[in-house]
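Me: I have a model open and want to talk it through. Can you take my questions as they come?

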Amino acid sequence: MYTTGELRERFLKYFEANDHMRIASSSLVPGDDPTLMFVNAGMVQFKNVFLGLEERNYKRATSSQKCLRISGKHNDFEAVGRTPRHHTFFEMLGNFSFGDYFKEEAIILAWNFITKELKIDKDKLWITIYEKDDEAGEIWKNVTDIDPDKIVKLGEKDNFWSMGDVGPCGPCTEIHYDRGEEFSCGPDCGLGKCECDRITEIWNLVFMEFNRDESGEMSKLPKPSVDTGMGLERIAAIMQGVNSNYDTDIFQPLIHKVEEISGQKYQKDHSGFQFRVIADHIRASSFLIADGVLPSNEGRGYILRRIIRRAIRYGKTIGLEKPFLYTIVDTLIETMDDAYPELIEKEDFIKKVLKVEEKRFLETLNDGMIMAEKIMFNMKDEGRREMSGEEAFLLYDTYGFPVELTEDLLEENDYTIDKDAYLIAMERQKEINRRESNNNEFNQNINLSNEFVKLSDTVFTGYSNTAAEGKILGIFSSNGDKLSVLEKGNLGIVIFDKTPFYGESGGQIGDKGYLSKNEEKIAKVLDAKKSTEGRIYHIVESIEKIEINDIVKLSLDDGRRKSIMRNHSATHLLHRALNEVLGEHANQKGSYVDDKYLRFDFSHFENLTKDELSRIEDLVNEYILSGSDVTTQLLPIDEAKKVGAKAIFGEKYGDDVRVVKMGDISIEFCGGTHVSNTCQIGSFKIISEASIGAGLRRIEACTGLEVIRRDREKDSILHKISTQLKVPKNEFYHKIEALQKELKDIQGEKNKLSLELAKIKAVNVADRVELIKGIPVLLEELEGKSMDELRALADLYRDKNGSVLVVLAAKENNKVNLLVSATKDLVAKNINAGKIIKEIAPIVGGGGGGRPDMAQAGGKLPDKIQEALNKVKVII
C-alpha cells in the first residue's frame, strides 16, 4: 500500500524519467490572470505557454499542483463532506506537453503508469472519449490492451474540457475506476447515466487544441498540447483500498484530531459529515493563508472567510464552542510538510489568523444564531417553510451572518430561503452605497459628456514643473454642457493641452492654484480631477472672462504640492515598514494623500500593539533620515515586475508603468508626485490606527511641518489639563488614579444605598408577584440599575418570596440590562432562565445566556423593554 506522499513522489519521478521537467506547485492565487479567483487546475501556471504567449526552456513538464474549487464554473463547495470524493482544496497530479507529444503518447504514458507502475487491474478500468473524437478512440484500441467495449463516447458536458468561460480548451479522454457491483445505484448505473460513486474518474487527459474567447468563439492554438490532471486524493483512496478519500492517510489524522478535541467519535456515514467538512476546510484555509489570502468581506478573502466560518459552524454542532481550527494546524503540517514547506514557514502566522477569525466569528455566530432561531420560531408559529429575503438580509447586514450559513441552518431544519429576494435586498443596499459614494456632480457630468471625450489629450508636466503655459481646449459648465466662454464669477470646467496640475487619482488629491494672463489672475483652480478616460480637467472659479483657445499660465500652489509630495512619499515608506514589522501580508488596500495628512489602508487581521506602532513609526523615520534618493522610471509592465516593483492588487495598469524607487527601501508602481530625496519628508508621526472592516486596518499619519503643528496643539491641550487638575504634566497619572478611587468610593456608597432601598421595596414583593399557569412571576422594569444591582435585587426577591421567577429589566446609559432568576423548585418544573433570556434578549436588540437558575443579557433598545417582559408571559 502506498502512502499519499509516496504516490505523489512516484508520479513525479515516473514523468521525470520520461523527460518531463518537475515544476513546483504555484500559489493558489493566480498570477496575472484576472479570469480566475483561484488556481483550479494544474495547467493554470502554464496558461500563457499553451496560448503561445510565453516560451520556456522545456517542452514537457510534470507537477503536483495545489488547487481550490469553490468559485466560478468549477465549484465543489456544497458537495464537500457529503460525498466521498469532493473537496475544496486538493492536489492535482499532472503531466503537460507544450507542442511536443500529443494524443498517442499521452495515452501510452497514462496507461503505463496506471497499469504497470501502480499495477491497477485493467479489468476495473473504463475509458470515456469525446463523442466527436474518433481519433482518441482508435488510439486507445491500438496502443493499449483496454477492452474496446469499455471505451464509452460522451458529449461536450462530460468530455470537452475548459479552464473557465475563456481560455484554452479541447476534447478530453478520461480514465475511470470501477469499484464493483456492490456500489451500483441500480439497473441504470453506468458512465453517462448516473452520478453515483461506483465508477470514479481518476485521470483526465485534455488535448488542448483551441482557445475560447469572451464571445465563445474558438480558434486553433499555435501548437496542439496536452494537459492532464489526476486527483491525488482519489488515486490514494484506490491504492489504499478505501471507499472514501476521507479514509486515506492524509485525512484520517485530521479526523482523529477532531475526535480528540471534540470528545466525539467519527462515523463514516452521514452523521460524520461535520468531521469531514472540518478536515477539508482546515486544509483549504491553511493553504490559502500561507499563500497570502486573509479573511475579508470581498474577493478571495471572502471565500476564505466562508470556508473558515462553515468549519466553525459545523464544529459547534459537535460541541466545539471555543476556537479550535488553529489547534489542528500542527496535525495538518505533519501530513503535508514534506511536499509543502511553506506550511512550516508560515505555521505561527496561519494559527494566529485562524484564531483571530474564529474568536471574531464566534461572537457574531452567537448573536446571529439567537436571531436566526427567533426567526425560525416565528416561521413555525406562522406556518411558513420559507425565510424571506429581508429576514436573511437582516441576519447578514445586522449580525454579519453569511447567507451560506443561513442556508445550511435552514436545510437542517427542513426550511428554505427566498434567495432571489435576498439578492434583491443585497443589490438595493449596494445601490444605496453607490449613490452615497458617487456624489461628485462635476465627476458625473464631465465623464458623461461626449464633447469632452473628443478633445485632444492633455500633457501632464507636473512631475518637474509647478507652472506651465497652456492652451484652453475646452470649457464646460457644471452640468457638462460645452461652452465657448466662461463668464466672470462663474464655476466651470476647463481642459488644457498641457498642465502641471495633478488630477486626483491613485489616492492623491488634486492640485489647487490659479490661472493668469498678462501677469493678472483670471481664475482660481479649486481642484484638478482625472476623468474615467484618464484626462486631467480643472474645476475653476473665473475672476475674469475665459475663452476657448486662450493661452494662459497655469500655476499651482507650490507649498501645498510639497506637503502632498511629502505625505505621498511617506506612504511608500510606511508600506515597507508594515511589511517589515507585520509581514508581507500587510499589503496596501487603499490610500488617501492630501496636504494635511495621509491615510493608508492595509490588510491585517488584528489590532496593532503599541510596540508594533512604535516600531513602524521609528522605521519610517529611519528611512527618512537615510537620505535616500527618490527616482522614477517608465518601464514595460513585465520589466517592472522583474525588477521587483510592487503593484497594488486590483489596480489596472497599461503596457508601460511608472516605477518609483526610494533607495534600497521601496520600489512600487506609482503615478503620483514625490520628493526627490527621503530627507525632504522631514518627519513622520502616526495619528491613529484602527479597524475599517474585517481583515482591514487603517493608519493615519502626518509629516513635515504638520508634525510640529500637531505637537504644539497637543502641548496646548496638556497645559489646559495641567491648569485644571492643578498638577504638572508628569503627575497626571497619579492625579487621575486618585480621582478614580474617589469615584469608586462614591459608587460603592451609591450601591449600598441602592441595596437598602431594595430591601425596603422587597417587603411588599409578594403584592407584585402574579401567577401564570401556576408559576409565581415577578416582572419589573427599573431605571439606572447595573447588572450587579439587578443580581443583588433578584437575590433579595427570591429570598423574600421563596418560590418565584424573577425577570428584571433596567435601562442604564441608554442600554438594557436583563436578568432572569428562578428558584430551584421552579427549575425542577422545567422553568429555564437560560432559555427565557435567549428568547427575550433579541427583542431588546441583544443576546446573552446562562444557567437554568440564573441568566443575563445586554441590549441596545430600551424602548422594547416592556415588549420583552410581556414575552415572558407568553413563553410561560
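Reply: What follows goes from the whole chain to single strands and residues.

Me: What kind of model is it, and how are residues numbered?

Reply: This is a predicted model: local features need pLDDT of at least 70, side-chain atom pairs count only at pLDDT 80 or more, and totals for chains, interfaces and linings use all residues. Residues are numbered from 1 along each chain as its sequence is written, and side-chain values use heavy atoms, with hydrogens and water left out.

Me: How many helices and strands does the protein chain have?

Reply: The protein chain has 26 helices and 35 strands. Both are DSSP runs numbered from the N terminus: helices are H or I with at least four residues, strands are E with at least two.

Me: What does the C-alpha trace span?

Reply: About 95 × 95 × 50 Å along the principal axes of the protein chain.

Me: And how many of the 876 residues count as buried?

Reply: 51% of them. Buried means under 20% relative accessible area, exposed over 50%, and partly exposed in between, with a 1.4 Å probe and protein chains only.

Me: What about the accessible surface?

Reply: For the protein chain that is about 41,500 Å², and 48% of it belongs to carbon and sulfur atoms. The areas come from the Shrake-Rupley method with a 1.4 Å probe; for residues, only the protein chains shown count as cover.

Me: Which share of the contacts joins residues 24 or more positions apart?

Reply: 68% of the contacts in the protein chain with a separation of 6 or more. Contact means heavy atoms within 4.5 Å.

Me: Charges next. How many positive and negative side chains?

Reply: There are 122 positive and 146 negative, and the centres of the two sets lie 4 Å apart. Lys and Arg count as positive, Asp and Glu as negative; His and the chain ends are not counted. The place of a charge is NZ of Lys, CZ of Arg, CG of Asp or CD of Glu.

Me: How many bridges join strand 26 to strand 27?

Reply: Four, and the two run antiparallel; strand 26 covers residues 656-662. V660 stands opposite E668 in strand 27.

Me: What about the open sheet of six strands?

Reply: Its order is 30-31-32-33-35-34, and the pairing is mixed. Strand 30 (770-772) and strand 34 (847-850) are the edge strands, each pairing on one side only. Neighbouring strands are turned by 20 degrees against each other on average, direction ignored.

Me: How many bridges between strand 32 and strand 33?

Reply: Eight, in the antiparallel sense, between residues 805-812 and residues 815-822.

Me: New topic. Is strand 20 largely enclosed or open, and why?

Reply: Six of its seven residues are buried, so strand 20 is largely enclosed by the rest of the structure.

Me: Which strands does strand 20 bridge to?

Reply: Strand 16 joins strand 20 (residues 536-542) through four bridges, antiparallel. Strand 19 (residues 520-530) joins strand 20 through seven, also antiparallel. V540 in strand 20 is the bridge partner of G492 and of V525.

Me: Last one. Is K351 buried or exposed?

Reply: K351 counts as buried, at 19% relative accessibility. It is found in helix 12 (residues 347-382). Leaving aside neighbours within four places in sequence, K351 is in contact with Y326, V329 and D330.

Terms used. Two strands pair if DSSP finds at least two bridges between them. Axes are lines fitted to C-alpha atoms, for helices over the stretch in contact, and angles run from 0 to 180 degrees between N-to-C directions.
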